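I opened this model to look up a few local features and the domain layout. My entries follow the structure.

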Amino acid sequence: MTQASKASAQDRRWLAAAAALGVRARPLSRPNPAVGAIIVRGGKVLGRGWTAAGGRPHAEAVAIAEAGGSIHGSTVYVTLEPCAHESRRGPACASMLVEARPARVVIGCGDPDPRTNGRGIALLREAGIDAVLADCEASRNSLAGFLTREKLGRPHVTLKLALSLDGCIAMAGGESQWITGPQARAHTHMLRAMSDAILVGSGTVRADKPRLDVRLQGLERFSPARWVLTHGAAPEGWQAVADPGDLTAMTSAQYLLVEGGARTAAAFLAADRVDRLAIYRAPIVIGGGRAGIADIGLGSLAEAHGRWRMSDSRMLGNDQFCVYERTPCLPE
């Protein structure tokens, strides 16, 4: 077995580019992970790819095909360890790479699937290919849904909140259209398009009868499956989950977007089932409106600290969009 080299700063830049490609596979790659791959030789990109809809072909196969099949002496950057198990749907990517003979394969993160889990790297190294496991944050973030499902048996959960400056989601009488402006609302639909499932509480379903679809031209087919948090039956066209602490009913979903209301948001936070907060804050003050989150059962202010870290912040028109990741943000 060859001794693997370490990932350089340039390697990590290429892995970040591969991670950006991988995001394009969401959510249609399910149940397979949304992997990205780039093949480089002499500073020139030979091929690139991301997991196809339905999970096949894999990102490495797409990139090799784009490169014309000849990648001898190149470096392959791939966000997830190449699979090591054969399938009726296609060959193992580790075997495919051994046959294609790149000089190096730089891997963003290991695959926790027991059918691969280190075997892909071992196959490459046994064949004399320099396989580097980079432990790249960009790769792990781009695969958060797959990693969370594999390690915790549930989808990666994003809680989305559209708030006034004083933390309200609606007027006291319930009027909430619109807290944020058109750019922020379009961005919300992009989040929906990248999710497998979307969930609100039963009160929101009764009061608002939300569509929860994607209303961006050309992306309507990416509307996620609709779920409701309830102990009763789900309305027609919806599915029900009774407990945020038990999301096993969402068997195939890798990414769940929770859109409220206040009690539903609190229930997911209290159960520690929120991995990511996506907060849109409008430059308005309501005063006496409906709070965005109900009581989550903290016993002291100290318990609130150290749970979240900001990972992104930008302006969307007049509204500020901030992302906070749970600490730790991904399962180890």
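This is a predicted model: local features need pLDDT of at least 70, side-chain atom pairs count only at pLDDT 80 or more; totals for chains, interfaces and linings use all residues.

Residues are numbered from 1 along each chain as its sequence is written, and side-chain values use heavy atoms, with hydrogens and water left out.

I placed Thr158 in strand S6, residues 156-163. Helices (H or I, at least four residues) and strands (E, at least two) are DSSP runs numbered from the N terminus. Leaving aside neighbours within four places in sequence, I listed the contacts of Thr158 (heavy atoms within 4.5 Å) as Leu256, Leu257, Val258, Arg276 and Ala278.

Next I checked a hairpin. Strands S1 (residues 36-41) and S2 (residues 44-50) pair in the antiparallel sense over 6 bridges; pairing requires that DSSP finds at least two bridges between two strands. Ile38 stands opposite Arg48 in S2. The hairpin has 2 residues between the strands, and Gly42 takes a positive phi near 60 degrees.

I then searched the whole structure for aromatic pairs and got 2. Rings of Phe, Tyr and Trp (its six-membered ring) pair if their centres lie within 6.5 Å; planes under 30 degrees apart count as stacked, over 60 as edge-to-face and the rest as tilted. Trp14 and Tyr77 are stacked, at 6.0 Å centre to centre and 20 degrees between the planes. Trp14 is in helix H1 (residues 9-23) and Tyr77 in strand S3 (residues 75-80), 63 residues apart. Tyr77 counts as buried because its relative accessibility is 3%. Tyr280 and Phe321 form a tilted pair, 4.7 Å centre to centre with 35 degrees between the planes. Tyr280 lies in strand S12 (residues 276-281) and Phe321 in strand S15 (residues 319-326), so this pair ties together parts 41 residues apart in sequence. Both Tyr280 and Phe321 are buried.

Last, I turned to the domains. The domain assignment gives domain 1 (9-149) and domain 2 (154-326); such bounds come from an automatic or database assignment. I read 32 Å between their C-alpha centres. At the boundary, 16 residues of domain 1 are in contact with 16 residues of domain 2.

Conventions:
Buried means under 20% relative accessible area, exposed over 50%, partly exposed in between (1.4 Å probe, protein chains only).
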